[in-house]
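Dear colleague,

Please find below the structure for your review. I would be grateful if you could read the notes that accompany it.

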Amino acid sequence: MKPNVLSKLGRRTALPPISWLMQTALTRPKLISLAAGFTDNATLPVEISRKLLNEILRSPKTGRPALQYGITAGEMNLRTLTAKHLHKLDFQSSSSSFSSLVLENKSRTRTRTRTKDEDEKNYSPARVIITGGSQQLLYMTLEALCDEGDIILVEDPTYFVFLSILQSRGIKARGVKLERDGIDLVHLEKVLARLKKSGELHRVKALYLVTYFQNPTGATTSLAKKSAALKLLKKFERAAGHPLYLLEDAAYRELSFPGRADLPVSRAEPQLRPTTPPTALTLPGAAERVIYTGTYSKPYASGARVGFGILPEPIFTTVQRIKGNHDFGTANLLQQLLAGALASGLYDRHVAKVRKNYARKAAVMKQALAEHFPKNVEIWESGGGLYFWARLPKGISAGVKSKVFQAALKADVLYVPGELCYADDPSRAKPDNEMRISFGSANGENIRKGIARLGKVLKRFVR
Ligand SMILES: Cc1ncc(COP(=O)(O)O)c(C=O)c1O
């Protein structure tokens with residue numbers, strides 16, 4: 001082999017689409033980007049953060065620990081607050097109560113009473129790790145689980161930066177069809193059975209699901225589907241020869257739209273309670289098989305970049321060791337900022353405001369889509385998150401090299417070509433007639449203008 005200064009991984013790693021999408025957005029000032037998953041600029045918590053940082057830095061006694069290195073797994077205070085926060089979100093959700101869980105299966109409904117022990121085990125701060133965004137945790141989880149040639153099952157389509165990690169690390173992906181309420185379970189079973197038949201099941205390590213207001217489609221996975229998926233994975237474990245994990249990425253979980261976006265936040269409090277399904281952490285056996293990742297980037301500040309996870313063993317210990325090599329701990333100052341926000345209640349108040357704001361922006365986009373998009377473009381609308389998903393009639397490409405994408409760029413509007421969100425899976429062709437459109441960073445006026453520009457472009461190609 002010809003000598004090369006770069007490692008195999010270094011040579012293999014392609015330019016992640018996220019980099020050139022961001023670059024394009026930043027270098028063309030007239031361009032309206034409906035592509036970036038950036039959070040809303042206007043609602044970033046500047047005043048709250050200033051107040052909390054002032055509080056932290058008010059004296060050497062409180063300031064020094066925040067400006068010092070910390071512990072690899074994260075500040076105990078933030079880990080405890082995070083565990084409590086997740087427990088609260090799961091047990092105030094509409095479809096669960098503190099002591100009992102109703103799991104709706106297609107064929108039957110059964111009630112199972114959780115024990116206090118199970119609750120304490122699943123949401124123990126000792127199982128929580130704090131990371132530099134959930135992106136770092138996803139990366140480290142894959143490092144802990146996968147060798148080159150291993151397989152991760154992903155939704156078709158899925159979060160494209162996750163796919164970039166797989167590409168870089170030489171991990172294979174197999175797509176599982178996605179429905180409006182999560183993955184297609186029949187297809188999941190087929191994919192697992194096919195891998196068993198081809199003798200590849202032992203290479204499968206996990207099923208990756210973006211369970212709330214999915215990036216890119218906006219779909220939310222029901223608890224029943226999470227439960228059934230977990231059972232299916234369990235069913236194939238003997239043949240795999242090792243555990244098959246459910247990797248639940250709940251990045252957009254807290255961005256559900258409140259019921260009434262027209263009320264002022266203070267009066268709307270009761271409606272602002274999350275109406276999202278509980279996480280897979282609430283399911284039997286979760287403590288051994290569910291790897292849960294979450295983030296404070298989306299609900300609080302993407303610039304603070306604090307993520308977290310609840311991990312089973314041996315993943316927790318392994319990821320902690322890997323993090324020891326990555327950075328031996330997330331920035332303490334940022335962890336204390338988040339801890340202060342959570343403990344003071346300012347976090348909850350901020351999230352309520354953010355959710356209302358995204359609901360408003362989504363309504364603006366919905367209206368603009370109805371006005372400007374050709375009627376035969378199928379739109380997936382979400383109950384939260386940052387995205388709409390649009391499907392052009394079959395045969396019309398919206399891919400990176402397509403006339404539609406080039407014409408959109410010329411018209412100074414950017415979207416994410418849907419094809420980027422499909423894994424390289426030789427068992428099926430990649431659809432290229434879809435687009436992810438985000439209302440995350442653009443303001444109301446630019447959402448209207450951007451959709452009008454895109455609509456005009458589409459009308460030239462879609463009849
Ligand atoms: C589905 C999903 N997971 C994880 C992340 C990572 O976010 P962060 O690293 O800011 O926590 C993102 C960011 O856009 C995302 O869309």
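This is a predicted model: local features need pLDDT of at least 70, side-chain atom pairs count only at pLDDT 80 or more; totals for chains, interfaces and linings use all residues.

Residues are numbered from 1 along each chain as its sequence is written, and side-chain values use heavy atoms, with hydrogens and water left out.

Around the ligand there are 14 residues, of which Ser 134, Asp 249, Tyr 252, Thr 295 and Ser 297 come nearest (a residue is near if one of its heavy atoms lies within 4 Å). This shell comprises five nonpolar, six polar and three charged residues (Ala, Val, Leu, Ile, Met, Phe, Trp, Tyr, Cys and Pro count as nonpolar, Asp, Glu, Lys and Arg as charged, and the others, Gly among them, as polar). Helix H7 (residues 133-145) gives the most to the shell, with four residues (helices are DSSP runs of H or I, at least four residues, and strands are runs of E, at least two, numbered from the N terminus).

A polar side-chain atom of Asp 249 lies 2.6 Å from a ligand nitrogen atom, and one of Thr 295 lies 2.6 Å from a ligand oxygen atom.

Across the whole structure, a search finds 26 salt bridges (a side-chain nitrogen of Lys or Arg within 4 Å of a carboxyl oxygen of Asp or Glu). Arg 12 forms one with Glu 148, with the closest N and O atoms 3.4 Å apart. This pair links distant parts of the chain, 136 residues apart: Arg 12 lies in helix H1 (residues 8-12) and Glu 148 in the loop between H7 and strand S5 (151-156).

Yours sincerely

Conventions:
A polar contact is a pair of N or O atoms within 3.5 Å; within protein, one must be able to donate a hydrogen and the other to accept it, and residues adjacent in sequence count only if both atoms are side-chain atoms.
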